[in-house]
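Dear colleague,

I am passing a structure on to you, and I would be glad if you looked through it before reading my notes.

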Amino acid sequence: MKKSLSVLLTGLILSGCTSLTTEQQTTIDNLTPCEKINGLLNAYDNRFEELKGTRVNTKYMETWTAKYDLVGEDCQITAVDAQTITYRCQGDFKEQTTAVALHQKAVDFTRECLVQKNWLEKQKESADSLRTTFVLDDKTPVISIHTAKTLSRTTPWSTSLEVGKPISSK
């Protein structure tokens with residue numbers, strides 16, 4: 001029987017593991033996007049401790065690899081200070097259509113997961129940017145999906161998904 005996300009993540013915390021066994025990775029790989037979103041929302045108040053992988057050395061902030069990705073690859077958890085911690089994934093693309101397609105896919109699975117829970121969905125669009133934000137209240141972290149033109153010549157479009165500070169704190 002498939003282990004629940006909370007049991008798996010609790011086991012990882014208690015064991016102090018930052019790397020995953022093959023069985024743990026298989027379980028995570030089989031999670032639905034909704035299970036992953038719920039895991040992120042549940043882990044936010046604990047600074048995503050259950051989801052932190054290997055620590056990445058950076059000069060100005062604390063950063064860890066995330067144990068699973070929702071959009072793109074190599075998602076990270078970043079702590080700027082004691083109050084600000086964010087889970088963020090990003091995919092970079094050559095074509096705007098590919099970036100927008102990923103944006104729409106992320107919006108669709110996020111909406112499907114949160115629609116029954118009274119989350120408010122807001123969308124803002126311009127010629128070079130599209131942002132969809134999901135907000136529940138001023139205490140719950142915000143989920144933001146953003147597609148925009150970048151300065152890169154090789155991959156001038158990016159789509160990101162971020163779970164971070166509640167709206168009242170921004």
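Below I describe the sheet, the helices beside it and a group of aromatic rings.

Please keep in mind that this is a predicted model. Strands of a sheet pair through backbone hydrogen bonds, either parallel or antiparallel. Here, eight strands make up an open sheet with antiparallel pairing, in the order S1-S2-S3-S4-S8-S7-S6-S5. Strand S1 (52-56) and strand S5 (120-126) are at the edges, and each has a single partner strand, so one side of each has no neighbour in the sheet. On average, and with direction ignored, neighbouring strands of this sheet are turned by 20 degrees against each other. S5 is joined by seven bridges to strand S6 (residues 129-135), the two running antiparallel, and Glu121 stands opposite Phe134 in S6.

Helix H3 (residues 33-44) lies across strands S4, S7 and S8, at about 50 degrees to S8.

As for the aromatic rings, the structure holds three aromatic pairs. Tyr44 and Phe48 form an edge-to-face pair, 5.6 Å centre to centre with 75 degrees between the planes; Tyr44 is buried at 9% relative accessible area, and Phe48 is buried at 0%. The rings of Tyr68 and Tyr87 have centres 6.5 Å apart and planes at 55 degrees, so this pair is tilted. Both Tyr68 and Tyr87 are buried, and ring pairs link Tyr44, Phe48, Tyr68 and Tyr87 into a cluster.

Terms used
Residues numbered from 1 in each chain as written. Predicted model: local features only at pLDDT ≥ 70, side-chain atom pairs only at ≥ 80, totals over all residues. Heavy atoms only, no water. Pairing = 2+ DSSP bridges. Helix = DSSP H or I, 4+ residues; strand = E, 2+ residues; numbered from the N terminus. Axes fitted to C-alpha atoms, helices over the stretch in contact; angles between N-to-C directions. Contact = heavy atoms within 4.5 Å. Phe/Tyr/Trp six-rings, centres within 6.5 Å; stacked < 30°, edge-to-face > 60°. Buried < 20%, exposed > 50% of the residue type's maximum accessible area, 1.4 Å probe, protein only.
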